[in-house]
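Hello,

Here is the structure I promised to pass on to you. Have a look at it first, and then read my notes below.

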Amino acid sequence: MATFSILGDFARNVGGDRVDVMTLVGPNGDVHVYTPTAADAEAIRNARLVIVNGLGLEGWLPRLVESSGSHATTVVATHGIAPRKIAAGEILSRDHGAGSSDPHAWQSVANSEIYVANIRDAMVAADPANAATYRANASAYQAKLQALDRDVREAVARIPAERRKVISTHDAFGYFAAAYDITFVAPQGVSTETEPSARDIATIIAQIKNEKIPAVFLENVSDPRLMRQIASETGAAIGGTLYSDSLTKENGEAPSYIEMVRHNIRTIASALAN
């Protein structure tokens, strides 16, 4: 059992046909504001392994696990990752104040390799008979992630440095920004549970105008009306939709983690390159 779709994709790539992977928060779902159901408690109770992000992302999970009576092993997929701390100047939210950890660590592709290693080790411990399969699958997938990381860096290098500024809906891309030297600004904080204030929105509108930021971006887990309002008031173009906290269904633009990252960098580069 994985808590949301991106972790589920990592688990399927490591486990292959040796595992049956389910996710609590499905495609296009918002893990920040998810409300567990009775069926989720049953699913957790029947799971052998529960894969969580940690870093404060799944605030609803401890109560769910307790109510389910589950004895499953829990693996924190971000174990060993240096968390990005939320600065005092960033927009804060109820559960993520200044100095707390940004949970969106998967937005750095290098970090995703650590996610995969943690999931691999947990599967090996839970099912030693298939350890060789899990290790081989993880190694092959990590090679794809390393190639993805190189491709993102090459795409960013083609964007003029002064144009590497992105306005997105909520503060989900801090790790991406740090890894790939792009500035992200968002009217919402690291969690979508808190609405931005009028002052936050006015500040961003002024920044877009002053710095001539060319485009703003929607997100699949957020209401697009705010970003459309900001675009209308500033004259910035809508650069497209970015996928931050959730994959899409199979027929969508981002049905896997690798396709999500490729879509995001294509969308950003297309809007900013010229």
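Let's begin with helix 5: it has 27 residues, and the distance from its first C-alpha to its last is 39 Å, close to the 39 Å expected at 1.5 Å a residue. Please keep in mind that this is a predicted model. The buried residues of helix 5 are A131, Y134, A138, Y141, Q142, L145, L148, D149, V152, A155 and V156. Their packing partners are helix 1, helix 4, helix 6 and helix 9.

Now take one of those partners, helix 1. On the helix 1 side, D9, F10, N13, V14 and G15 take part in the meeting, and on the helix 5 side T133, Y134, N137, A138 and Y141. Sorted by class, this contact has five nonpolar, four polar and one charged residues.

Helix 4, another partner of helix 5, covers residues 109–126. Buried residues in helix 4 include V109, Y115, V116, I119 and M123. Among the elements that cover the buried residues of helix 4 are helix 1 (5–15), strand 3 (49–52), strand 4 (73–76) and helix 9 (257–272).

Next, the core. In soluble globular proteins, nonpolar side chains tend to be buried together. The largest nonpolar core here has 71 residues, and F10, I51, F176, F184, Y257, M260 and I268 are the members that touch the most others. If you set aside its neighbours within four places in sequence, F10 is in contact with S112, Y115, V116, I119, Y141 and Y257. Another core, of 14 residues, lies apart from the largest one, and I167, I205, V216 and A231 are among its members.

Finally, find P214 in the loop between helix 7 (198–211) and strand 9 (215–219). P214 and A273 are 59 residues apart in sequence, yet their C-alpha atoms are 10.0 Å apart in space.

Happy exploring!

Notes. Residues are numbered from 1 along each chain as its sequence is written. This is a predicted model: local features need pLDDT of at least 70, side-chain atom pairs count only at pLDDT 80 or more; totals for chains, interfaces and linings use all residues. Side-chain values use heavy atoms; hydrogens and water are left out. Helices (H or I, at least four residues) and strands (E, at least two) are DSSP runs, numbered from the N terminus. The expected span of a helix is 1.5 Å times one less than its number of residues. Buried means under 20% relative accessible area, exposed over 50%, partly exposed in between (1.4 Å probe, protein chains only). Contact means heavy atoms within 4.5 Å. Ala, Val, Leu, Ile, Met, Phe, Trp, Tyr, Cys and Pro count as nonpolar, Asp, Glu, Lys and Arg as charged, and the others, Gly among them, as polar. A nonpolar core is a set of buried Ala, Val, Leu, Ile, Met, Phe, Trp, Tyr and Cys residues joined through side-chain atoms within 4.5 Å.
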